[in-house]
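Student: I would like to learn how to read a structure that is new to me. Could you walk me through this one?

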Amino acid sequence: MREWLIVGGGIHGTYLANLLLDQPGLPAENIDIIDPHDHLLEAWDRMTANCGMRYLRSPATHHIDLPILSIYQFAKTPAGRSFAGFIPPYNRPALGLFREHSRHVIARSHLDERHIQGRGLALHRDGPAYVVETTAGDLRTRRVLLAIGMSEQPCWPAWAQDLRRQGASVTHVFDPDFKRDAVAPAGATLVVGGGITAVQTALALAAVPEADVTLVARRPLQESQFDFNPCWIGPKCLRRFYQEDYAARRATIDEVRLPGSLPGEVMQEFQAALDPSHLTFRQAAIQKASYDRDTIRLQTDEGPLIARRIVLATGFRQERPGGRFVDRLIQDFDLPCNPCGYPIVGPDLQWGPNIFVTGPLAELQVGPCARNIVGARNAGRMLLAGLEQKR
Ligand SMILES: Cc1cc2nc3c(=O)[nH]c(=O)nc-3n(C[C@H](O)[C@H](O)[C@H](O)COP(=O)(O)OP(=O)(O)OC[C@H]3O[C@@H](n4cnc5c(N)ncnc54)[C@H](O)[C@@H]3O)c2cc1C
């Protein structure tokens with residue numbers, strides 16, 4: 001029987017597999033990752049490519065390898081040199097470098113050999129083991145680690161769902177089948193959203209000469225280097241967080257996370273690219289939408305908008321990720337949740353007996369950085385500390 005089955009092969013699942021594989025006395029065959037994609041990190045690769053991201057928002061010390069300076073070292077090797085690129089502040093790596101480094105780590109640690117392609121459907125107890133029912137068959141394991149992120153739940157506002165039902169050209173930049181190159185340049189395109197993804201997507205779509213792109217955001221664009229204050233990575237802010245009850249922790253997370261913001265260099269690039277004939281910005285709240293003969297009409301608090309197509313960059317639905325799989329787990333194992341729906345877990349990230357979580361599912365314990373790359377690294381420390389205590 002395997003020791004660990006990690007459900008989800010994104011940044012979190014892949015980093016934690018790498019970390020667990022490094023623990024003494026745990027042979028590689030004892031850890032597997034189940035994820036429906038063709039390869040690990042596929043959702044990350046797709047989403048970051050779709051929005052035209054060029055540099056990460058986080059520093060080069062946030063990645064899926066164990067040594068903190070691993071990206072810098074990789075950037076000096078023949079394999080990494082041609083991808084090397086960092087921008088200030090905090091030496092943020094180029095997306096190409098981050099991606100190549102991740103591929104290198106996955107190959108070096110043989111993490112791809114631990115990937116089982118499939119989807120977790122349900123969990124059953126069988127003595128000291130769990131049997132995870134999956135689309136790839138039943139998998140027995142002593143421990144389960146849920147590393148399910150937000151990538152499967154892009155946010156579609158109700159008016160956009162209506163338009164889609166009527167046959168209008170509406171896509172979401174995080175939809176699995178979204179292809180930026182397939183967005184026709186002719187006619188007006190509205191990109192809806194006010195964060196880094198929306199701005200990068202608008203910039204990328206406006207890069208062709210015939211483009212007519214308008215970015216529509218509810219609020220003025222907000223500049224912030226990170227999507228949360230870095231004090232939330234360490235004890236400076238987290239000490240206070242741990243003293244709060246879960247309701248206050250939820251309020252803190254919602255207050256200090258800045259999902260609709262963008263770093264300075266993206267803001268500057270956007271402002272420099274604004275051009276009345278190619279790329280414009282409208283601050284407007286969309287109230288209603290209608291569709292007739294290839295024309296989308298939006299009613300907003302700032303007047304009407306007319307377009308041929310809409311690209312949503314409206315982030316993710318904020319509900320607990322994991323869908324039916326996690327709903328069933330909660331029901332079958334009587335797992336505790338805060339009224340916001342998110343798990344209440346121990347300091348070792350254990351939600352139920354030998355059921356562990358990371359990423360958004362762990363955010364009431366890991367804090368506001370839980371969803372980010374550094375959240376995986378913090379979760380790893382908490383997980384190992386808990387295992388150490390048990391020994
Ligand atoms: C465009 C973009 C840019 C970002 N840039 C940064 C950045 O620069 N720095 C930073 O720190 N953070 C960044 N983030 C935030 C965060 O780090 C990423 O979203 C990261 O990919 C989250 O990883 P994850 O593993 O938690 O989730 P996901 O990427 O969602 O991976 C989870 C995986 O689990 C799979 N899964 C779901 N349900 C099941 C199931 N039942 N069975 C099996 N598998 C399942 C999913 O298919 C998916 O492959 C960015 C996010 C986005 C969207």
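This is a predicted model: local features need pLDDT of at least 70, side-chain atom pairs count only at pLDDT 80 or more; totals for chains, interfaces and linings use all residues.

Student: How many helices and strands does the chain have?

Tutor: The secondary structure comes to 13 helices and 20 strands.

Student: What does the radius of gyration tell me about the chain?

Tutor: You compare it with the value for a compact globule. For 391 residues that value would be near 21 Å, and the chain has 22 Å, which agrees. Along the principal axes, the C-alpha atoms fill a box of roughly 65 × 50 × 40 Å. Buried residues make up 42% of the chain.

Student: Which residues are closest to the ligand?

Tutor: Here we look at the shell of residues around it. The ligand is surrounded by 36 residues, and the closest are G8, G10, G149, S151 and N372. Two or more residues each come from α1 (11–21), β2 (31–35), α2 (42–50) and α13 (373–390). Of the elements, α2 gives the most, with four residues. By type, the shell divides into 16 nonpolar, 15 polar and five charged residues.

Student: And A184: is that residue buried or exposed?

Tutor: Count the other C-beta atoms within 10 Å; 12 or fewer means exposed. A184 has 10, so this residue is exposed. A184 lies in the loop between β9 (169–172) and β10 (189–192).

Student: How far is A184 from A211?

Tutor: Their C-alpha atoms are separated by 8.8 Å, while the two residues are 27 residues apart along the chain.

Note on methods:
Residues are numbered from 1 along each chain as its sequence is written. A residue is near a molecule or strand if its C-beta atom, placed from the backbone, lies within 6 Å of it. Ala, Val, Leu, Ile, Met, Phe, Trp, Tyr, Cys and Pro count as nonpolar, Asp, Glu, Lys and Arg as charged, and the others, Gly among them, as polar. The radius of gyration is taken over C-alpha atoms; the globule rule is 2.2 Å times the number of residues to the power 0.38. A residue is buried if 20 or more other C-beta atoms lie within 10 Å of its own, exposed if 12 or fewer, and partly exposed in between; C-beta atoms are placed from the backbone.
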